Amino acid sequence: MKNLKKYSSSIKLLTYMKNKIYLLGWTMLIPILAWIAYFAHYSFTGHLYSIILTFFLMGSVLAAVYHSEIIAYRVGEPYGTLLLAFAITVIEASLIISIMLSAKGLETISLARDTVFAAVMIILTGIIGICIVVGSLRYKEQVFTLQGVSTALITLVAIIAFTLILPNYTTSHDKGEYTSVQLIFISITCLALYFGFTMVQTIRHRAFFIAPIPNKNDSDKDESEILPVKPTRKVMFFSIIFLVLCLGIVVLLAKYLSKDVDTLVVGAGAPKSLVGIIIAGIVLLPEGIAAIRAAYNNRLQTSLNLAFGSALASIGLSIPVIAVTSVMADFRMTLGIDIKSTLLLGLSLFIITISLATGRTNIMQGFVLISIFLLYLFTTLAP
């Protein structure tokens, strides 16, 4: 019987590895074709061409997820999640800065605020909510290390207050805006908090961010728990190259398609803040998929590391980069959110703090978070 089990496990592992090899082929092909399609915009235009580019954009995002997971599995936790969070920040900051620099006047004065606020709401209520529901449906309850989550949460609350709420109460500039000196000071503070958190996560208290051992009854439920052999350095090297290619083409395609998105939003009569939500959704797609897959495989700790790491990077790294660029390029940037957004943000932080206060999750916590996310989307479309 034991030999039969070993044989069955070997077959499953071989099948799993074959699937991985198959996936590796399209994850290399899609970004290459995407680069070719992008440079073809000098010769082609039209709605059909935009649809093709959208297909390549989504394919490149999925390929970025795969390659980032290869690298993350090779380097181990929590370095893998930090790498993906950094990659997301590069995409987000590049998109916002390129769009703001190419626009005229006050068209994009609130783009950074809308995108960062959207990213925070998508992560805290959408991604974490879906992860909790997906994990709860399969395992009923999931566990995580409470110290790591609480450390990430207090850092995130402080950075959110500095960047999205405090600007509404300063008196040196118009409502919702910082002066150049204030922007630089807040940027330095956010960077210090983010790098302090990174040191805690990777060196001083690394154990806080490593998943506790799951229940043995849960770990034998599916062949998805069978992990492949660690990638070699050669495989990781190629994954790094293709991750850079994927991230680069995602930035270029998203910037190119942003004009179509803007036209579509204005044409539909929707608020301009919807553009920020769409940008944040594209940017967070790789992280969201990776987090949901981790929760499905009973690795909620990895999901939370990804979610909070992305949220912290989205504000703690993106805002300072955008702020310095705004000071150097002399364009205005408003950061303060309105009363409605402050209420939704406060509710989200309150609910997630209570939900993650015990080190265990259940399905109702996920449902509540998703309901807040849907309310956020609805009140954006129907303010």
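This is a predicted model: local features need pLDDT of at least 70, side-chain atom pairs count only at pLDDT 80 or more; totals for chains, interfaces and linings use all residues.
A residue is counted as buried when its relative accessible area is under 20%. By this criterion, helix 6, which covers residues 180-204, has a buried set consisting of Leu183, Ile186, Ser187, Cys190, Tyr194, Phe197, Thr198, Val200, Gln201 and Thr202.

Across the protein chain, the secondary structure amounts to 13 helices and 2 strands. Of its 383 residues, 50% are classed as buried. Among contacts with a sequence separation of 6 or more, 85% are formed by residues 24 or more positions apart.

The largest nonpolar core comprises 99 residues, and Ile128, Phe308 and Leu345 have the most contacts inside it. The greatest contribution to this core comes from helix 4 (residues 111-139), which supplies 15 residues. In soluble globular proteins, nonpolar side chains tend to be buried together. The surroundings of Phe308 were examined with residues up to four places away in sequence excluded. Under that condition, Phe308 touches Leu124, Ile128, Val149, Ala152, Leu153, Leu156, Ile352 and Leu356.

The packing of helix 10 (residues 300-316) against helix 11 (residues 318-329) was considered next. Their axes come within 3 Å and cross at roughly 15 degrees. Because angles under 35 degrees count as roughly parallel, helix 10 and helix 11 are assigned to that class. The meeting residues are Ala313, Ser314, Ile315 and Gly316 in helix 10, and Ser318, Ile319 and Pro320 in helix 11.

Thr380 is located in helix 13, which spans residues 363-381. With a relative accessible area of 7%, Thr380 is classed as buried, because this value falls under the 20% cut-off. When neighbours within four places in sequence are left aside, Thr380 is in contact with Pro271, Ser273, Ile277 and Lys340. Thr380 and Pro271 are 109 residues apart along the chain, yet their C-alpha atoms are separated by 7.2 Å. Within the local sequence, the side chain of Thr380 reaches the backbone oxygen of Tyr376 at 2.7 Å.

Definitions and conventions: Residues are numbered from 1 along each chain as its sequence is written. Side-chain values use heavy atoms; hydrogens and water are left out. A nonpolar core is a set of buried Ala, Val, Leu, Ile, Met, Phe, Trp, Tyr and Cys residues joined through side-chain atoms within 4.5 Å. Buried means under 20% relative accessible area, exposed over 50%, partly exposed in between (1.4 Å probe, protein chains only). Helices (H or I, at least four residues) and strands (E, at least two) are DSSP runs, numbered from the N terminus. Contact means heavy atoms within 4.5 Å. A polar contact is a pair of N or O atoms within 3.5 Å; within protein, one must be able to donate a hydrogen and the other to accept it, and residues adjacent in sequence count only if both atoms are side-chain atoms. Axes are lines fitted to C-alpha atoms, for helices over the stretch in contact, and angles run from 0 to 180 degrees between N-to-C directions. Angles under 35 degrees count as roughly parallel, over 145 as roughly antiparallel, 65 to 115 as roughly perpendicular and the rest as oblique.
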